Every structure is written in C-alpha cells, then in structure tokens.
Amino acid sequence: MAWFGNDISHPVLLICFQSLIDEVMETVGEELDFFMAGLLMKPEEFDATFLRELIQNGAETSFALLEILCSKTVKELKAIGQQYLKKYGVPLSVDMEKKFSASLDLRFLLCELAEGKRKVGWNVDKMLSENDAREMYAQFYRDSPEIEFFVEVLTTRSREQLRETFRTFRKFAGIDVLTALEPLFTAEFAEAVRLLGEHLRIACSS
C-alpha cells in the first residue's frame, strides 16, 4: 500500500478530495447556498424568504412554520409581513391560506399568528380571562366547537392574559386546556397549542 505522507498535492489524493467535496456539495449545496445568502439579508427578509420556502413545501413543514411564527414578537411579525408582501406581492397570511396544505384548523391558526395581532403588556383583565375560560369550557359540550373562538383567544390575548385564562380554566374544569382540546380538534392543532404555550412560557398541561 502506498503512503503519501503530508503531500496533499499527489494526484490520487487530489482526486479523492475533489470527489468528497463534490459529494458534500451535492448533498447540502442548495441549503448552503440559501443560508449563505441569508447572511447578506436583514433578519426579516431572511424570515420572509424562509417562510415562502416552507409554504411551498406543504404540510410536512407545518411545525417549522409554527416555530417561526410563535417565536417572533409582534414587531418582528409586522416587519416580516411587510417584507413578504414586498418580495412576493401577496400578504403572508393569504399565501398560507391558499397554498399551505395543512389541516383547516392548523392553517387558520397559522394565518392568524402571521397577522401579528397579539396584544403586548403586563395588565390582566380578570373578567375577560374568566369569560374566555368559561366559553372554552362551554365549547367542549357543543357538537361543533368554534375553532374561530379558540384561535382568536390564542392569537390576540397577551401572554399574561392567556396565562390567567389557562389558570382559571383549570380551576373550574379540573383539567388543563391541552387535555381538553385534544378530542375536539386534530392532533396537529393540539400539538400546535402546546408549542405555542412553550414559546409564550405558558403551561398548557400539567
């Protein structure tokens, strides 16, 4: 067997190295190009571009979309929405509604999150929390629970307001919100609520 020591200029080694580089680039080339380009973009521009890629890929990327939309502040979501509209000529929420192939309830949740309607602040309206919690509880006994109500609460109430609502719900329902939601909607919607709670640092289950 021949050994070439430290001489990396040997033709055989050069061929081996080139073959390895070609194989790696074939595997990660497109992703590498995308993220390298991202280094030259503003954060909101990169997020808008990445969201477009995820929307085009369909249901398998629903939780990647949710991760992005849940982890952004209202200000960041507004900036992303402006960039998306500028680059693609259509609002982010409209594009998701038309092109994204997730279940109806999850798609609705994602579209509303993209609007960036969540209130910001530390004040808690205890009467609103109690009303929301009681309405959630009442929904569990209806033949057709209203997804619009749940999505409105999850996407427009502030973090502190939601925390109080979930706490109030558990007091008189005896179970946590996530456990109660699971039989009402799709499994992916329930998982989305859990993930949303994690990002907002709200306990959805015990």
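Buried residues are those under 20% relative accessible area, exposed ones are over 50%, and partly exposed ones lie in between (1.4 Å probe, protein chains only). By this criterion, 40% of the 206 residues in the protein chain are buried. This is a predicted model, in which local features need pLDDT of at least 70 and side-chain atom pairs count only at pLDDT 80 or more, while totals for chains, interfaces and linings use all residues. Residues are numbered from 1 along each chain as its sequence is written, and side-chain values use heavy atoms, with hydrogens and water left out.

**View 1. Secondary structure of the protein chain.** The chain contains 11 helices and 0 strands, where helices (H or I, at least four residues) and strands (E, at least two) are DSSP runs numbered from the N terminus. Of the contacts (heavy atoms within 4.5 Å) with a separation of 6 or more, 70% are between residues 24 or more positions apart.

**View 2. Leu69 in the largest nonpolar core.** A nonpolar core is a set of buried Ala, Val, Leu, Ile, Met, Phe, Trp, Tyr and Cys residues joined through side-chain atoms within 4.5 Å. The largest one has 49 residues, and Leu69 and Met96 have the most contacts inside it. Beyond its neighbours within four places in sequence, Leu69 is in contact with Leu51, Leu77, Leu92, Met96, Leu110, Leu113 and Ala114.

**View 3. Packing of helix H3.** Helix H3 spans residues 62-71, and its residues Ser62, Leu65, Leu66, Ile68, Leu69 and Cys70 are buried. The buried residues of H3 pack against helices H2 (43-57), H4 (74-88), H5 (92-99), H6 (104-114) and H11 (187-199).

**View 4. Gln83 in helix H4.** Gln83 lies in helix H4 and counts as buried because its relative accessibility is 15%. Leaving out residues up to four places away in sequence, Gln83 touches Glu44, Glu45 and Ala48.

**View 5. The largest pocket.** On a 1 Å grid over the protein atoms alone, a pocket is an open set of points where a 1.4 Å probe fits, with protein on both sides within 12 Å along at least five of seven lines; lining residues have an atom within 4 Å of a point. The largest pocket holds about 470 Å³ of space, a volume being the space filled by probe spheres set on the points. Its lining comprises 24 residues, with Lys72, Thr73, Val74, Arg118 and Leu200 nearest the centre. Two or more lining residues come from each of H3, H4, H6, H9 (159-173) and H11; H3 gives the largest share, 3 residues.
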